[in-house]
Amino acid sequence: MLTYLSVPTLQNVLTISEEKESDFGSAVQQALTVIDETLEQDGEQGTAISFNGGKDCTVLLHLLAVVLWWRRSRSLPEQVDCTQGQWLGESPSGPSSPQSRFKSLYVTCSSPFPEVEAFVDHCADSYSLDLFRSHPGGLPMKEALKQYKESRPEVKCILVGTRRGDPHGDKLDFRTPTDADWPAYQRVHPILNWSYNQIWEYLRRFEVPYCDLYNQGYTSLGSTFNTFPNPALRNGDNHYRPAYELEDGSKERCGRSRTYQATPTTTI
């Protein structure tokens, strides 16, 4: 079992969430509560997670794993060792079936980084995701959601890693429905109130793997033609420090070209 998905790590997340005097602990508690309430209301079969390999949705995916472990471990027989992955839908005799994996939507961009594609595949395997990729890459969000609605009609609710600092993020609530002329979904934003620094605190504290591009100075990922290392992280020798060393979160998107348009997963 991977360390970041081990029971001690997942339990540690719950412990941190109980630190009411800590802004970070409160943020974790709020996100876990939103996810748990969503699964209670819409069910696991009716819920999916939007995942494109970025840092925010990577945090969201791990938070979802914490909630799934907590919910499923309570219903497992005592003789089942949940450290072996059964809570992710696996069985002792083999890998999980598509029906037991958690549904995930990857709205692909028109020119993805190979590192991002590899990381998405890695997460789909390690978190046991039933991953759906929109095609072709670069579809408008509305068209991508139409594809997903046709493929997974049982899904009514999508967990999204949008934060208030993202494009259009200041207009969102924890639950925001799509517009009337769009495919009908409830968009749920568990980490809506998280800061840039809290995202990195979570990933590093719990040693959650993330896309390696963030170690090369990238702080916000999109297509290869509009995403560059963040100049705020450039050293004198023209090398770049890792994304978690960016102190001013308001400069998170300084590595995106000025013609940048919000990537699909930031506006779902």
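Me: What makes both faces of E1 count as covered in this predicted model?

Reply: On one side of E1 stand Thr-47 and Ile-49, on the other Ala-48 and Ser-50, and all of them are buried. In a regular strand, side chains alternate between the two faces of the sheet.

Me: Why is Cys-157 called buried?

Reply: The relative accessibility of Cys-157 is 0%. Buried means under 20%, so Cys-157 counts as buried.

Me: Why is Cys-254 called partly exposed?

Reply: Its relative accessible area is 41%. Buried requires under 20% and exposed requires over 50%; Cys-254 therefore falls in between and is partly exposed.

Me: How many disulfides does the model contain?

Reply: The count is zero. A disulfide would require a pair of cysteine sulfur atoms within 2.5 Å.

Me: How do you know that E1 pairs with E2?

Reply: Pairing requires at least two bridges. Strand E1 (residues 47-50) and strand E2 (residues 102-106) have three, in the parallel sense, and therefore count as paired. Ala-48 stands opposite Lys-103 in E2, and Ser-50 is opposite Leu-105.

Me: What makes E1 and E4 a pair?

Reply: Three bridges link E1 to strand E4 (residues 157-159), again in the parallel sense; at least two are required, so the two strands pair. Here Ile-49 is opposite Leu-159.

Me: Why are E3 and E5 said to stand at the edges?

Reply: The open, mixed sheet has six strands in the order E3-E2-E1-E4-E6-E5. Strand E3 (129-133) and strand E5 (175-177) each have a single partner strand, so one side of each lacks a neighbour in the sheet.

Notes
Residues numbered from 1 in each chain as written. Predicted model: local features only at pLDDT ≥ 70, side-chain atom pairs only at ≥ 80, totals over all residues. Heavy atoms only, no water. Buried < 20%, exposed > 50% of the residue type's maximum accessible area, 1.4 Å probe, protein only. Helix = DSSP H or I, 4+ residues; strand = E, 2+ residues; numbered from the N terminus.
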